[in-house]
Amino acid sequence: MDILRPTLIRIGGRVYRKNVIQEQAYQHEEEDDFCAGPGDCADEPCDAFVVEETEKGFQCRMEVPSLLYKYIIGKKGETKKKLETETRTSISIPKLGVEGEIVITGQHRSGVISARTRIDVLLDSFRKKQPFTHFLSLALNQPTIQEKFLQFKEEVLEKCSKDHGVSSSLFQNPAKLHLTLGTLVLLNEQEIQKACDLLQQCKEDFVDQIAGGKPLTVEVVGVEYMNDDPAMTDILYAKVRMKDGSDRLQVIADQLVERFVASGLMLKEWDRVKLHATVMNTLFRKDPSAEERNNTMTGKSSFKERESFNGRNILKLFENFYFGEVQLDSVQLSQRFSSDASGYYATSGQLVF
């Protein structure tokens, strides 16, 4: 590892260095560190969380989704025992499947802080490997857009069906046409509620001011591809733009994602949100209900499963295809792999302009 460029890990809006631990070589020095006085927290992030002083020492409470308990416990309890031994703390975990608080107690503040920080890093690592459960979306499934999309599909199959890999199985379900702003891993009702509350806070803080209290009128025009070679296309998407030529939709999208990243509910992937509506996706060949997978969220790349298609003619013939005009009046916290009565994704919460 380059000590000048260590691996950085984001947890709850904070950035930590990930250092290599050589336990055997530094075992005695590490033990000395945890014999430090109660007020000593060295390089630990003392203000990142609350450590309470008790009659017997110190304690720290943390809310963790029950689905993640197993990663703290480890095989036959080995991970938990190792954490407790190395930090000289006791870690109390609710029963599996029961939502509650994990409580870390110890005689020294530094040990409690170290245990909490290690658990945060451990859970952050495993959370990144979880498939996303929700995403922030803007629905583009209004009847006029659906009608034009079906026209686009019909004309593509009529004019380009002989091109390699092009088939009807590639096309998005018109009822699920949408813009994705960002993906989230929400593992219990508390985290879903936190995301809903943050949406409302964003509405009050900046969305209403930028939108002017009215829906945003956008046009869906033209198609573009995701990867480098149009002859080996995996995702074809429709482009969106504000009808008045402003960048208000982009500003709202960027600020929403920035706020969710800062809260720890979302991972930062790009400097700006790429506003796009998927119309063709090679993942749909095997699973019509599949959505765009994000490699940083699922942990494993899905591109090995794809059979690309030649999109050269589609891009040439439909470069400026007009899908229509739509009024965007809300941002949805959508549930992955779900449907409501209209055929769109079920909604856990929403921000209404």
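Because the model is predicted, local features are taken only at pLDDT of at least 70 and side-chain atom pairs only at pLDDT 80 or more, while totals for chains, interfaces and linings use all residues. Residues are numbered from 1 along each chain as its sequence is written, and side-chain values use heavy atoms, with hydrogens and water left out.

**The whole chain**

Begin by colouring the chain by pLDDT, the predictor's confidence in each residue from 0 to 100: the average is 87, and 82% of the residues score at least 70. Select residues 22-44 next, where pLDDT is below 50 and where the model has 27 contacts beyond near neighbours in sequence (a contact means heavy atoms within 4.5 Å). Of the 353 residues, 48% count as buried, where buried means under 20% relative accessible area, exposed over 50% and partly exposed in between, with a 1.4 Å probe and protein chains only.

**The four-stranded sheet**

Switch to a cartoon, in which helices (DSSP runs of H or I, at least four residues) and strands (runs of E, at least two) are numbered from the N terminus; the chain has 9 helices and 14 strands. Select the open sheet of 4 strands, ordered β3-β4-β6-β5 with antiparallel pairing, two strands being paired if DSSP finds at least two bridges between them. Its edge strands are β3 (52-54) and β5 (89-92), each of which pairs on one side only. Within the sheet, β4 (residues 57-64) and β6 (residues 100-106) are joined in the antiparallel sense over 7 bridges, and cysteine 60 stands opposite isoleucine 104 in β6.

**Aromatic rings**

Show the rings of Phe, Tyr and Trp (its six-membered ring), which pair if their centres lie within 6.5 Å, with planes under 30 degrees apart counting as stacked, over 60 as edge-to-face and the rest as tilted. The whole structure contains 12 aromatic pairs. Tyrosine 71 and phenylalanine 126 are stacked, at 4.0 Å centre to centre with 15 degrees between the planes; because tyrosine 71 lies in helix α2 (residues 69-73) and phenylalanine 126 in helix α4, the pair ties together parts 55 residues apart in sequence.

Finish at the cluster of Phe149, Phe152, Phe171, Phe318, Phe321 and Phe323, linked by ring pairs.
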